[in-house]
Amino acid sequence: MATTLAPPQLDKNVTDFLSKPRKMLLGGKWVEAASGKTFETYNPATGEVLARVAAGDREDIDRAVKAARRAFEEGPWPEMLPAERSRLLYKLADLIDQHREEFAELETLDNGKPVFFSRIVDVPTAIETFRYFSGWATKIEGNTVPISMPGAKYFAYTLREPVGVVGQIIPWNFPLIMASWKLAPALAAGCTVVLKPAEQTPLTALRLGELVMEAGFPDGVVNIIPGFGETAGAALAAHPDVDKIAFTGSTEVGKLIVDAARGNLKKVSLELGGKSPNIVFPDADLDAAIPGSAAAIFFNQGQCCTAGSRLFVHKSIFDKVVDGVAQATKTFHIGPGIDPTTNLGPLVSKEQQDRVCGYLESGAREGAKAVVGGHKIAGGGYFVEPTVLVDVKPQMKVVREEIFGPVVTAIPFSTPEEVATFANDSIYGLAAAVWTRDISKAHRTAAKLRAGTVWINCYNVFDSALPFGGYKQSGWGRESGHAVLELYTEVKSVCAQI
Ligand code: NAI
Ligand code: MG
């Protein structure tokens with residue numbers, strides 16, 4: 001690990017924020033958990049306690065759902081003009097913009113990710129998400145429908161109405177972006193929300209909650225209840241008065257959400273795991289494909305649902321590409337995320353470090369060979385070496401299961417047909433990428449891949465306007481773009497005899 005500079009001065013608002021126990025946002029007030037319990041959140045770079053946070057549970061979720069229901073049915077929110085909702089969302093974006101550095105540092109301290117990326121990816125994406133959906137608040141429309149029923153004349157139209165009280169459960173890999181992806185479209189559509197951030201990374205969502213209130217959203221429209229999955233999360237997913245649950249996280253928990261939603265048949269959308277194929281054809285521009293493939297897996301320490309964790313390389317260039325990706329890892333500055341020169345930080349938690357190391361051991365046991373990396377990095381933080389595995393077989397756990405760490409398996413292929421079959425041999429179907437100079441081959445391959453997003457000569461390009469979500473066990477529904485508005489609205493048909 002590179003020796004680090006003296007810790008930079010933190011933004012004063014960050015030190016203030018961390019100095020007090022953080023409460024939950026419930027019905028417009030900041031309150032402690034009904035049980036009085038709290039939990040600790042850690043700095044993954046050191047393993048030290050960062051802050052104390054109220055531990056929400058069933059009773060808090062129940063109160064928050066009641067507050068959200070009240071705000072949905074009474075008071076200013078249901079009466080608010082779309083243009084007023086739009087202005088509130090835009091104001092919230094401006095407020096985050098005014099606190100950019102504070103959010104970047106808080107995100108890095110809580111999650112571990114390099115502040116370099118928090119500044120250029122996480123915070124700007126959150127701001128842009130609120131701006132984009134601010135625009136949608138005034139553009140959610142129904143249509144008029146011609147009726148063929150004989151005997152009378154009818155006038156029929158559809159309305160798109162907010163689905164109601166929404167529960168949202170988010171993960172720890174992009175805490176602020178995930179909060180924004182969930183809140184912005186739900187609020188644009190006129191829903192009210194109970195948001196549960198991940199127990200590993202509740203801080204930026206709680207800071208965001210303060211700005212939600214500062215922007216002027218009515219009490220109870222946004223409730224933020226930190227807490228654990230098995231308690232607060234499960235209570236939210238099962239709550240009989242929640243109309244819709246939106247979840248991002250593991251496929252395993254996604255299935256529990258489906259079970260929990262059964263009681264009142266609440267609407268469910270899921271953004272789950274992946275094992276995304278990244279395919280390099282022999283005619284690719286390797287000056288782009290090699291660093292692109294390294295970034296595809298190592299960005300965010302590999303803790304991306306879209307991580308390009310299965311690297312398929314044509315056999316004629318296999319050694320060259322694998323060596324290039326391995327060499328790229330030698331240029332990384334590995335260290336605490338708060339050091340501005342760091343570009344690979346620690347994993348989010350001890351648990352995640354152990355999980356990833358378990359996969360490294362399993363790979364070694366089954367005969368995979370690490371060209372580079374293969375171990376954790378000793379010390380107080382939760383660091384794991386960036387790792388490239390070769391000599392892997394299709395049935396190995398490291399090839400089949402989501403590792404969610406800086407570990408890529410490299411696999412040679414011969415023909416475009418063969419690699420499409422390899423790529424689709426997964427329970428997941430979230431993302432995929434193709435590197436080639438042949439545009440026909442690029443689009444033919446994109447058509448064959450069973451994945452919600454296919455990147456061509458790029459990776460991890462996201463846009464508020466571009467739908468994102470999974471085929472197969474990677475999820476249900478699409479976020480971003482106008483597609484996400486379907487998740488947060490109901491269609492009402494109105495038919496009048498005239
Ligand atoms: P997780 O799926 O357990 O956690 C995600 C969210 O779900 C958190 O807010 C958590 O509190 C909540 N949750 C957990 N159990 C719940 C339950 N029974 N009912 C309702 N909510 C519940 O993910 P975890 O344990 O942090 O990570 C395990 C693996 O999941 C990772 O190694 C990775 O493979 C995958 N994962 C995938 C993510 C993605 O973006 N697709 C994000 C995070 C994890
Ligand atoms: Mg879990």
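Figure 1. Tyr 157 is partly exposed, with a relative accessible area of 28%. Here, buried means under 20% relative accessible area, exposed means over 50%, and partly exposed lies in between, using a 1.4 Å probe and protein chains only. This is a predicted model, in which local features need pLDDT of at least 70 and side-chain atom pairs count only at pLDDT 80 or more, while totals for chains, interfaces and linings use all residues. To find your way around, note that residues are numbered from 1 along each chain as its sequence is written, chains are lettered from A and ligands numbered from 1 in the order in which they are written, and side-chain values use heavy atoms, with hydrogens and water left out. The structure holds 16 aromatic pairs. One of them joins Phe 155 and Tyr 157, whose rings are tilted, with 35° between the planes and 5.6 Å from centre to centre. A pair of aromatic rings is described by the distance of the centres and the angle of the planes. Rings of Phe, Tyr and Trp (its six-membered ring) pair if their centres lie within 6.5 Å; planes under 30 degrees apart count as stacked, over 60 as edge-to-face and the rest as tilted. Is Phe 155 buried or partly exposed? Phe 155 counts as partly exposed because its relative accessibility is 41%.

Figure 2. Which residues form one aromatic cluster? They are Trp 181, Trp 455, Tyr 459, Phe 462 and Phe 468. Asn 457 is found in the loop between β19 (453–456) and β20 (471–472). Helices (H or I, at least four residues) and strands (E, at least two) are DSSP runs, numbered from the N terminus. Although Asn 457 is not a glycine, it has a positive phi of about 55°. Asn 457 is partly exposed, at 39% relative accessible area.

**Figure 3. The shell around ligand 1.** Take a look at what surrounds ligand 1: there are 26 residues, and the closest are Ile 170, Trp 172, Glu 199, Ser 250 and Glu 402. A residue is near a molecule or strand if one of its heavy atoms lies within 4 Å of it. By type, the shell divides into 13 nonpolar, 9 polar and 4 charged residues. Ala, Val, Leu, Ile, Met, Phe, Trp, Tyr, Cys and Pro count as nonpolar, Asp, Glu, Lys and Arg as charged, and the others, Gly among them, as polar. Domain 1 (7–272 + 474–495) and domain 2 (277–463) each give at least three residues to the shell; the domain bounds come from an automatic or database domain assignment. At least two shell residues come from each of α9 (229–238), β10 (244–248), α10 (251–261) and α13 (350–365).

**Figure 4. Polar contacts of ligand 1.** A polar contact is a pair of N or O atoms within 3.5 Å; within protein, one must be able to donate a hydrogen and the other to accept it, and residues adjacent in sequence count only if both atoms are side-chain atoms. A polar backbone atom of Leu 272 is 2.9 Å from a nitrogen atom of ligand 1, and a polar backbone atom of Gly 249 is 3.3 Å from a nitrogen atom of the ligand. An oxygen atom of ligand 1 lies 3.0 Å from a polar side-chain atom of Gln 352. How much of the accessible area that ligand 1 has on its own does the protein cover? The protein covers 91% of that 800 Å². Accessible areas come from the Shrake-Rupley method with a 1.4 Å probe; for residues, only the protein chains shown count as cover.

Figure 5. Ala 238 lies in helix α9 and is partly exposed, with a relative accessible area of 36%. Along the chain, Ala 238 and Ala 260 are 22 residues apart, and their C-alpha atoms are separated by 4.6 Å.

Figure 6. Thr 387 is found in strand β15 (residues 387–390) and counts as buried because its relative accessibility is 0%. The side chain of Thr 387 reaches the backbone oxygen of Glu 385 at 2.8 Å. Ser 480 lies in the loop between β21 (475–476) and β22 (489–497). Ser 480 counts as buried, at 6% relative accessibility. The phi of Ser 480 is positive, about 65°, although this residue is not a glycine.
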